[in-house]
Amino acid sequence: MPTQTPTPAPEIIEQNGQTLALVATIKTATTNREFQNNVNIVQQQRNVVIDLKKRADQALTIAEKEALQKQLDETLKSLNNNNALMAKTYGFSLQRNYVLFFDKTRLYTPLTDEEFGKVSPEDKAKPDLIKTVEGKVFLFIASIDGTEANDLFRQNVQLVQNQRNRLVQIKQTLDKTTKEDEKTKLNEEFAKSEEVLKKNNDEMIKLYGFSLIRNYLLEIEESRLYTVLTDEEIQKVKENKATTEVASIA
């Protein structure tokens with residue numbers, strides 16, 4: 001895991017009725033991938049611990065219980081070690097709640113073999129334009145800078161995805177409906193919803209090069225990790241102006 005440079009006073013912000021303290025700024029795409037991967041690892045380990053504990057408690061024989069308890073002890077030890085390393089590196093612990101803000105992201109779309117063949121040799125040589133992930137070739141289409149811009153992008157993606165899902169639901173209901181008056185209403189709703197979705201999807205294409213008919217890869221280049229403060233910690237912040245170290249991770 002990467003090293004960190006601590007500074008004494010964290011940034012404190014308010015969001016949705018919660019008080020948040022900055023614990024880490026993660027500054028590169030590589031370290032953001034590492035962070036996400038490490039979070040997934042400890043969360044998966046925690047799930048395994050919960051499952052083993054349940055199975056051990058329900059074991060019918062002493063031998064089975066002892067075998068499960070051994071697995072549980074080993075997994076719990078590994079989890080505690082990894083969680084402690086996460087706390088040291090990122091200020092992250094499974095015992096706390098967090099909010100991650102995206103400050104800078106890059107949006108890529110996968111290319112078919114035919115599309116990749118049309119890319120010029122010069123563009124193929126540009127690492128910021130073309131990248132390969134797990135054997136798939138992706139083309140850079142947009143850079144989204146700023147927390148508000150990234151929040152808006154994700155909200156817009158969710159909006160058009162919800163609108164598409166609604167169209168699917170209307171179509172499914174329409175296929176099952178036998179009453180003519182209900183069919184008429186559903187056809188009208190479908191037409192209006194389809195028109196709105198097309199308009200919003202066209203706007204997403206214009207703004208980001210994003211369309212619902214393609215898949216995408218969102219690469220986080222820079223993010224900030226905040227922890228949710230308890231009432232006691234909030235009081236200490238007011239008294240002390242500092243409750244935790246901030247890690248600048250490169």
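A salt bridge, as counted here, is a side-chain nitrogen of Lys or Arg lying within 4 Å of a carboxyl oxygen of Asp or Glu. Keep that cut-off in mind as we walk through this structure, which is a predicted model.

Let's begin with charge pairs. Side chains of opposite charge can pair when their charged atoms come close. By the rule above, the count comes to 17 salt bridges. One to look up in your viewer joins arginine 224 to glutamate 11, where the closest N and O atoms are 3.9 Å apart.

Now turn to the helices. Two packed helices are described by the angle between their axes and the distance between the axes. Take α1 and helix α2 (residues 62-90): their axes come within 9 Å and cross at roughly 155°. Angles over 145 degrees count as roughly antiparallel, and α1 and α2 are therefore roughly antiparallel to each other. Their crossing is left-handed. Where α1 meets α2, the contact is made up of 14 nonpolar, nine polar and six charged residues.

The axes of α5 and α6 come within 9 Å and cross at roughly 155°, which makes α5 roughly antiparallel to α6. In passing α6, α5 makes a left-handed crossing. The contact of α5 with α6 contains 15 nonpolar, seven polar and six charged residues.

Finally, let's look for open space. Rolling a probe the size of a water molecule over the atoms shows where empty space is left. The largest pocket found in this model has a volume of about 160 Å³. Which parts of the fold supply at least two residues each to its lining? They are α1 (29-57), β5 (130-133) and β7 (217-228).

To see the pocket for yourself, select Ala29, Asn32, Arg33, Gln36, Lys131, Val133, Leu217, Leu218, Glu219 and Ile220, the residues that line it. By class, this lining has five nonpolar, two polar and three charged residues.

Conventions
Residues are numbered from 1 along each chain as its sequence is written. This is a predicted model: local features need pLDDT of at least 70, side-chain atom pairs count only at pLDDT 80 or more; totals for chains, interfaces and linings use all residues. Side-chain values use heavy atoms; hydrogens and water are left out. On a 1 Å grid over the protein atoms alone, a cavity is a set of points where a 1.4 Å probe fits but cannot get out, and a pocket is an open set with protein on both sides within 12 Å along at least five of seven lines; lining residues have an atom within 4 Å of a point. Grid points are joined across faces, edges and corners, and a volume is the space filled by probe spheres set on the points. Helices (H or I, at least four residues) and strands (E, at least two) are DSSP runs, numbered from the N terminus. Ala, Val, Leu, Ile, Met, Phe, Trp, Tyr, Cys and Pro count as nonpolar, Asp, Glu, Lys and Arg as charged, and the others, Gly among them, as polar. Axes are lines fitted to C-alpha atoms, for helices over the stretch in contact, and angles run from 0 to 180 degrees between N-to-C directions. Angles under 35 degrees count as roughly parallel, over 145 as roughly antiparallel, 65 to 115 as roughly perpendicular and the rest as oblique. A crossing is left-handed if the near helix is turned anticlockwise from the far one by less than a right angle, and right-handed if clockwise.
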